Protein chains: 2
Amino acid sequence: MNDKVLMAHGSGGRLSHDLIEKYLMPYLANPVLNKMDDCATIALNGRIAFTTDSYVIKPLIFPGGDIGRLAVCGTINDLATSGATAKYLSLGLIIEEGFPVADLERIMSSVSETAKEAGVLVVTGDTKVVDHGSADGIFINTSGIGVIPEGIHLSGTRAKEGDKVIITGTIGDHGVSVMAQREGLKFSVPVESDCAPLNGLVSGILSVSLNIHCLRDPTRGGLATTLNELAVQSGVGIQIYQDKIPVKDAVRGMCEILGFDPLYIANEGKMVIISAPEDADSIISALHENRYGKDAAVIGEVTSQYKGRVVLKTGLGASRIVGMLTGDLLPRIC
Amino acid sequence: MNDKVLMAHGSGGRLSHDLIEKYLMPYLANPVLNKMDDCATIALNGRIAFTTDSYVIKPLIFPGGDIGRLAVCGTINDLATSGATAKYLSLGLIIEEGFPVADLERIMSSVSETAKEAGVLVVTGDTKVVDHGSADGIFINTSGIGVIPEGIHLSGTRAKEGDKVIITGTIGDHGVSVMAQREGLKFSVPVESDCAPLNGLVSGILSVSLNIHCLRDPTRGGLATTLNELAVQSGVGIQIYQDKIPVKDAVRGMCEILGFDPLYIANEGKMVIISAPEDADSIISALHENRYGKDAAVIGEVTSQYKGRVVLKTGLGASRIVGMLTGDLLPRIC
């Protein structure tokens, strides 16, 4: 086989089968997928969560991850926002003709490792090849199915006055690491993407609190956009405190130099949690026990003022309204 | 709003919300999707089918359909191969910067109409925008979830000696119509793509026969490749009769002129059925009652000879082995 992906690898014929058998199945094999039918059949009962995301990040490999890890984590985390335990993923590849097979293998290895870490199975897939110049290397779509435990009813509409707002760690790491990689910028302390599967972290907090109202992962558009979405969906105001929001020094420094606000930078391993105030301490304790939650902090609360808006209290006591992201800060960040 | 899709429409911020609210939701709105959470929550019980496909067809609009109709039908038909009734779809869009909003609306309208025809709901979605030159207009991924009725166990591994092989209609229509559109070729009688949702047709035959062993839709790679897959998966031989395979005159003519074999041309509204011989007549009768099955025919049988191979008996009584598609006949056909 050639060391580059050819148009005929997307033909559906002999070479497609070769590509799947030699370069995809070794990384993905499991009893459901191995049947090689046109769809997976699985047994499920109760309420399930279903989500989809396409990943078009540039560059494909960045400090702390690559498009393969990102595609698995992003969909697991979207499922986790409903409280669901991710179970099954689909994997749809769109590959540009001429893409190096070695890069495909690296990405598939990353898909495989991340799926194992998170305990999910890739059960169905699809591969398309487009002519050179009609895509940019590789785009990956993952859709996912998760099972929602009994009694869990999370939604962006459920934030209530008095609720606490928690972030599970430092913000801006993913966006800044990708931007630095893209632009060839160097840090004295390297910044890595936070790209991580948060299903374990979410099941941990759901086991200590039945009063979690909303979960959402602040990806594209950053923390500010996610909080705005929740404020609008729930018809409440959200007040956050600048001093309480965890930001790595290197991320803050890079943002200051480039004129970015970390509130708008994408994260790929963080969750915003809105919970009843009495449970905030036990949620923070549970988060601190998880490798992906050690910098978790309460950063604000839900108010009846400023309905549909997010207000930031600065270190000097001033207030400013923080809107949704307008324009596009960092294209192709996920 | 501009009449073209901008990078900022993929930012996750204000313009992403505008794009979704103005140009996607009007076509897709339903109670599950309207919650606008990061994933859909749905109640399901029993065995389900799960599948994914990305659509990269060129041109986006062709006689008999467009990428929107194709993306809905393709995934419904993959679910139907397990006997599942398609219920829920995800919709992942990758849009090239500068793509005309009017074209997006036409495609979304087509998604909406086809989903209504088939009785499925789009319950979750994602939109990414990539810079001009990094994609080719629009790529669509649909994943789907269907429910498998009790007692139905279909798989490509279940073909048995003596089984009949049925095709639900004429072959090659999709590939020839797309090729003609792409190359500006004219027919005296226009050939339209057969692109259609086959869930109703499949539930019809499952209601008249409990002895259907395999279903598969012969898309990329055509009928020949699909039959080869089934022969290999089941470890059987498959014998088909050239004179019995329905092909439209215009398709046959075009293939003769261009040196193509209709056996390798993609279909998007056809199903290969392998069933016990005693049920073939009642299956054909049920197919003939459906608008998408009126040209259905028995085209061959499963044999114990030529294990893992497909043999074609010509009109003159000669036999030839029909392999899987090698190379790529028609790139980007779906």
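**Note on the domain and chain interfaces**

1. Between domain 1 of chain A and domain 2 of chain A there are 9 residue pairs in polar contact, both residues of each pair being at pLDDT 80 or more. The model under review is a predicted one. On the side of domain 1 of chain A that touches domain 2 of chain A, two or more residues each come from strand S2 (61–62), helix H2 (67–80) and helix H3 (101–118) of chain A. H2(A) gives the largest share of that side, 8 residues. By residue class, the side of domain 1 of chain A that touches domain 2 of chain A holds 10 nonpolar, 6 polar and 4 charged residues.

2. As to the bounds, the domain assignment of chain A places domain 1 at 7–148 and domain 2 at 164–321. The contact draws 20 residues from domain 1 of chain A and 23 residues from domain 2 of chain A. The C-alpha centres of these two domains of chain A are 27 Å apart.

3. About 1800 Å² is buried between domain 1 of chain A and domain 2 of chain A, with 59% of it on carbon and sulfur atoms. Within domain 1 of chain A, the residues that lose the most area to domain 2 of chain A are A:Pro63, A:Asn77 and A:Thr81, which together account for 28% of what that side buries.

4. The count of salt bridges between domain 1 of chain A and domain 2 of chain A is 1. A salt bridge is formed by A:Arg291 with A:Glu117, whose closest N and O atoms are 3.7 Å apart.

5. Turning to the two chains, 77 residues of chain B are in contact with 77 residues of chain A. Together chain B and chain A bury about 5700 Å², of which 55% is on carbon and sulfur atoms. B:Asp38, B:Phe50 and B:Arg220 supply 14% of the area that chain B buries against chain A, more than any other three residues.

6. The interface of chain B and chain A has 10 salt bridges and 45 residue pairs in polar contact, both residues at pLDDT 80 or more. Of the side of chain B that touches chain A, S1(B) supplies the largest share, 15 residues. That side of chain B comprises 29 nonpolar, 30 polar and 18 charged residues. A salt bridge also joins the side chains of A:Arg332 and B:Asp131, at 2.9 Å from N to O.

7. Which strand of chain A is joined to S1(B)? Strand S1 (residues 40–55) of chain A is joined to S1(B) by 11 bridges, and the two run antiparallel. A:Ile48 stands opposite B:Ile42 in S1(B).

Methods. Residues are numbered from 1 along each chain as its sequence is written. Chains are lettered from A and ligands numbered from 1 in the order in which they are written. This is a predicted model: local features need pLDDT of at least 70, side-chain atom pairs count only at pLDDT 80 or more; totals for chains, interfaces and linings use all residues. Side-chain values use heavy atoms; hydrogens and water are left out. Domain bounds come from an automatic or database domain assignment. Contact means heavy atoms within 4.5 Å. Buried area is the accessible area (1.4 Å probe) that two parts lose on being put together, summed over both. A salt bridge is a side-chain nitrogen of Lys or Arg within 4 Å of a carboxyl oxygen of Asp or Glu. A polar contact is a pair of N or O atoms within 3.5 Å; within protein, one must be able to donate a hydrogen and the other to accept it, and residues adjacent in sequence count only if both atoms are side-chain atoms. Helices (H or I, at least four residues) and strands (E, at least two) are DSSP runs, numbered from the N terminus. Ala, Val, Leu, Ile, Met, Phe, Trp, Tyr, Cys and Pro count as nonpolar, Asp, Glu, Lys and Arg as charged, and the others, Gly among them, as polar. Two strands pair if DSSP finds at least two bridges between them.
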